Amino acid sequence: MVLTIVITALCLYYLSFTFVSRKVQQEAIAQATDKAGSVDLSKKQNYLDSLWNKPVYNIFGAEYTYKEVKDNELSLGLDLQGGMHVVLEISPIDIVKGLSGNNQDPAFIAALQKAKEMEKTEGKTNFTVLFYKAFKEANPDRTLASIFTSTANKDRVKLSDSDEAVLKFLDKEIKEAIDRSFTILKTRIDQFGTSQPNIQRLQGTNRIQIEIPGADNPQRVRKLLQGVARLEFWEIVETYDPQLSQSLIAINQLLLREQSAKKVETTTDVKTDVAPKIETKADTTKSALEKQLAKAGSDSTTKSSLDSLRAATSSPLFALSTQQGAFMYATKDTAIINAIFKRDDVRSLMPRTIGLFWDVKSDPDVTKGIEDLRLNFVNLGRSGKPLLTGDVINDARSDFDQFARPSVSMTMNASGARTWAKITAAAAVKQPQGRVAIVLDNNVYTAPTVQGEIPNGNSQITGNFTTEEAKDLALVLKAGSLPAPTRIVEQAIVSSSLGQVAQNQGLISMACGLVIIVIFMIAYYSKGGWVANLALVFNIFFILGILAQFNAALTLPGIAGIVLTMAMAVDANVVIYERVKEELKMGRKLRDAIKKGYERAFATIFDSNLTTFLTGMFLFIFGQGPLKGFAIVLMIGIVTLFFLCRLYFTRGDRILCSQG
C-alpha cells in the first residue's frame, strides 16, 4: 500500500509539469495573438524565451524555471504536436578540400568532381574510396601525400606516406568532422527551447537526423542549424580590474537607488527624510567597496575582491550570485542578470571595451547542488575583434598531462603561433596571471590560466576535465580550423493543426477502447468487472506518469501501445476470473477459490507477458522512430500491469486488485 501511494504521488508530481507547460504555452499564444486572431510566431517565441530561465512553477516551496518544467513534462512526439524533421548532410568534399589547404591542383579538383558524380550511383561506398579511385584512374603515378602535405598538416601527413596512410588520415578527419558537427548542433538545439529534441547520427552516412517537436518557426530552425560556428579567443577581464570594478560599483548603486526609491514610495509619511539617508548609505557603501576593490587589486591571489559585497548590498547583481565574489548565478536567475545588462542606463556605465559571455554549461563541482553559470567579462578592445579565431588551429586532440589527467593538446599554424606567443607572454606576466576564454557561438567553453609564454603554438589545456569533456573540447577547437559545412537535404514540417488532429484521433481511439472494455467487464463479471476497470484506469495513469518520469515522449504508436496494453490486461483478467470460477465449481469456498485462482493463473499470465515484454525490448533496441515509441509504452504497460495485479502475494486471504 505504501509503495502504491508513493508511485501515485510521483506520477501526480511529474504529470503536474505537463499542465504547467500547457498553461505557459497558452499564455504565450495569447500574448502573440493580435485583434484579427492571427498568431505572431516571433512574438510567441520571444515570450517563451523570456521565461526560459525564470521560475514559472512553485510546488511545496520548490521553484522550477520554464526550462526545468519542459524537461520534466510529458513530451509529445512530432506526430502529436507538430514540429520539424530535418536531415543535415556534412559535405565530405568540403572537408577534403580543407585538408588539402584548398589545393587548386586541376587533377585534384577533377577527382573530387568525379567522386561526387560516382557517389550518386554508389551512395553506400565511402567517399574517400571513390575519390581515391577517381584520382588514381587519372593519375596512376601520383601519390595522395603530394596533395595533402602542407604546413597545416605538419606531423600528420608526410611526403613519404603511403596512399593507405593518407586515406586513413582522411577517414579519421571526416569522422571527427561529423562528430564535431553533432556536438555543436546538439548544444544549439538544447538551447532552442523545445521539449525532447531528438538528434542522432545516421549510421553509415554523413548525415545527422534532427526532430524538433513543437518548433513552429522553420526560418529560425534553418538559421540555427546551418549557421557557421564561430570559434574565438578572448582575454578575460577579472572583476578586480579597476575600470570594471568601478563600473560594477556604479551599477550596484544605480540598482540600490531604484530599490530605495520603491521603498520610499510605500512610506509616504517619511519621504522628505529618506532621500538624504539613502544617499549617505549609498555613499558609505560605495567607499567601502572601493577600499575592498583597491585592496584586491594589489593582492597576489586570483580571489575576487567582491567577497564582502553581499553583506553590503541587496542589489540583484550581487545578491543573486551563488558564490561570494564570483559572478555565478543559478540558471533561473540568468534572465534577470541579462535584463540588467541590456538596460541602456546600465550599459552606459559599463566600459565599451568590455563584453559579457556566459559559460556554456554549469560545473557540478563548483557549487554543490546548484546548477549555476558563470558570467565572464572579456576585453573587446577598440576594434571589437577577438585575439584569435579558430582558423589558426591546425589540430586539437584529447590527451593526458604529466599527472595522467585528461587534457587537450592544440597546435596552431605559423601566423597563429606568432600571435599566440604575444598573447600568452602578455597574460603570463600579469599579477595574478591572466586567463584566455575559448568561445564558441558566444558561449565560454573554458577559460584557462596562462602559466607562461607559448612560443611555438603547441599548447596544452588542463583543468578538471573528464575524458569525454576533453574530447568534446578538442572537437570544439577544431570547429574553426576545419569547418564542416552542413546543408539540409531533407525536411518535413508537421503543422500544429495536423498534430492536434492526430492527438484527437489517438485520444478518441483510446477512449473507445476503454469504454468497450469497461462495458464488457461490467456486463460479464459484475463486481469483479468494476475492480478490473478501476485497475485499468490506474494502469493508464501510471503509464503516463512513468513516461513523464523517464523523459520519454508519447507518440501516436505509443497510444497504440496503450490500447494494446488495455486489451492484454482484459485478457489476463479473463484468465484469472475463469480460473476462479473453476475453483468454485470444485466446491471451494470463495476466499480459497480466489486465492487458488490467482496463484494457478500466475504461470500462464507471466509467460505470455514475459514473451511480449521481450518482444518490446528487442523492438526498442533494434527499432527506430515509431517502433521505439510503441516499444517503450508496451514495456511500461506490462510492468505496471503486473504491479497492479500483484499476482504473487504472501497472504492468501487478502484479495489484491485484479489486473487492469
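Predicted model: local features only at pLDDT ≥ 70, side-chain atom pairs only at ≥ 80, totals over all residues.

Trainee: Which strand is Ile-354 found in?

Mentor: Ile-354 belongs to strand β10, which covers residues 354–359.

Trainee: And what is Ile-354 in contact with, leaving aside its neighbours within four places in sequence?

Mentor: With those neighbours set aside, Ile-354 contacts Val-237, Leu-244, Phe-377, Val-378 and Leu-380. Of these, Val-378 is 24 residues from Ile-354 in sequence, while their C-alpha atoms are 5.5 Å apart in space.

Trainee: Switching to the open sheet, what order do its three strands come in?

Mentor: The order is β13-β14-β17, with antiparallel pairing, and the edge strands, each pairing on one side only, are β13 (393–400) and β17 (459–462). From one strand to the next the twist averages 25°.

Trainee: How many bridges join β13 to β14?

Mentor: There are seven bridges between β13 and the antiparallel strand β14, residues 406–412, and Arg-397 stands opposite Ser-409 in β14.

Trainee: Which helix packs on that sheet?

Mentor: That is helix α17, residues 414–428, which touches β14 and β17 and whose direction makes about 115° with that of β14.

Trainee: Cysteines now: how many disulfides does the structure hold?

Mentor: It holds zero disulfides.

Trainee: Then is Cys-11 buried or exposed?

Mentor: Cys-11 is buried, at 0% relative accessible area, whereas Cys-512, with 42% relative accessibility, counts as partly exposed.

Notes
Residues numbered from 1 in each chain as written. Heavy atoms only, no water. Pairing = 2+ DSSP bridges. Helix = DSSP H or I, 4+ residues; strand = E, 2+ residues; numbered from the N terminus. Axes fitted to C-alpha atoms, helices over the stretch in contact; angles between N-to-C directions. Contact = heavy atoms within 4.5 Å. Disulfide = S-S within 2.5 Å. Buried < 20%, exposed > 50% of the residue type's maximum accessible area, 1.4 Å probe, protein only.
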